[in-house]
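My entries follow the order in which I checked things.

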Amino acid sequence: PEYGVGWVLFYAISVFVCTIVLFNVISAMFVERTMAAASALSLEKRRARLQDEKHLFRKVTSLIKRMIELSPGIEIPDNELSASLSEVMQMEVPVAVVDRAIEDPFVKQTLNELDIQPPDHRRLSDIFDPDNGGTVELADVAIGIRRMRGDPRRSDIVCIDLMIRCMQPVLAETLELVTEIRNALIPGDSIDAASLGKNV
């Protein structure tokens, strides 16, 4: 009665707004902390999974066994794969087998459990057959899977860059040697390494 209806309404609305705002702020802080904790826990689990060598060995073994099953003319050893590891690692399967294996639900699940990114699944045959020979060694499958796991790191790019830099002087020396051999075989048609390199 002292302040009138207007002040009462103003006070009620002010308390209501402040309560809602405060509640939203507290809720937002709680949700943010919960999401951050969940993200950190998920990252920790993934890191532990990537460092688990037994998990990697089991999944790669089952992957290789499935590829052998899909390969015509290749028989699975009667004993455990680990007992005939050297023999299995020297086996070669056609690239078409790798492409067919990628469509297999079991292989897809195994690749996902190995943290191989789904967009990379269809490129595995190209990755495992860098010389375009049409076949893939099972040893290259095991090595390639290990290196492809997880997210790409900057160290991967730096490593490739350094390897290419190491190859440059070797290629230059090879080109110079080829030029000398060519000039020796064809004395009248002398050519230097620089011009040969431009033509290549």
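The model is predicted.

**Entry 1: α2 and α7**

I began with helix α2, residues 53-69, and helix α7, residues 138-148. Their axes lie 10 Å apart, and the packing angle is about 140°. I therefore noted α2 as oblique to α7, since only an angle over 145 degrees counts as roughly antiparallel. The crossing of this pair is right-handed.

Next I listed who touches whom. On the α2 side I found Glu 53, Leu 56, Val 60, Leu 63, Ile 64, Met 67 and Ile 68.

**Entry 2: α2 and α5**

I then turned to the pairing of α2 with α5, which spans 105-113. Here the axes come within 10 Å and cross at roughly 155°. I therefore put α2 down as roughly antiparallel to α5. The crossing is left-handed.

From α2, the residues in contact are His 55, Lys 59, Ser 62, Leu 63 and Arg 66. They meet Phe 106, Val 107, Thr 110, Leu 111 and Glu 113 of α5. I sorted this contact into four nonpolar, three polar and three charged residues.

**Entry 3: the cavity**

How many cavities of 30 Å³ or more does the structure hold? I found one. The volume of the largest cavity is about 30 Å³.

Its lining consists of Leu 63, Met 67, Ile 102, Val 107, Leu 111, Leu 124, Phe 128, Val 141 and Ile 145. Two or more of the lining residues come from each of α2, α5, α6 and α7. I counted nine nonpolar residues in this lining, with no polar and no charged ones.

I checked these names against the earlier entries.

**Entry 4: the largest pocket**

Last, I looked at the largest pocket, which holds about 840 Å³ of space. I noted 23 lining residues, and those nearest the centre are Ile 127, Gly 144, Arg 147, Met 148 and Ile 160.

Which element gives the most to this lining? It is α8, with seven residues. Helices α6 (124-128), α7 and α8 (154-185) each supply at least two. The lining divides into 12 nonpolar, three polar and eight charged residues.

Definitions and conventions:
Residues numbered from 1 in each chain as written. Predicted model: local features only at pLDDT ≥ 70, side-chain atom pairs only at ≥ 80, totals over all residues. Heavy atoms only, no water. Axes fitted to C-alpha atoms, helices over the stretch in contact; angles between N-to-C directions. Helix = DSSP H or I, 4+ residues; strand = E, 2+ residues; numbered from the N terminus. Parallel < 35°, antiparallel > 145°, perpendicular 65-115°, else oblique. Left-handed = near helix turned anticlockwise from the far one by under 90°. Contact = heavy atoms within 4.5 Å. 1 Å grid on protein atoms, 1.4 Å probe; cavity = no way out; pocket = protein on both sides within 12 Å on 5 of 7 lines; lining within 4 Å. Points joined across faces, edges and corners; volume = space filled by probe spheres on them. Nonpolar A, V, L, I, M, F, W, Y, C, P; charged D, E, K, R; others polar.
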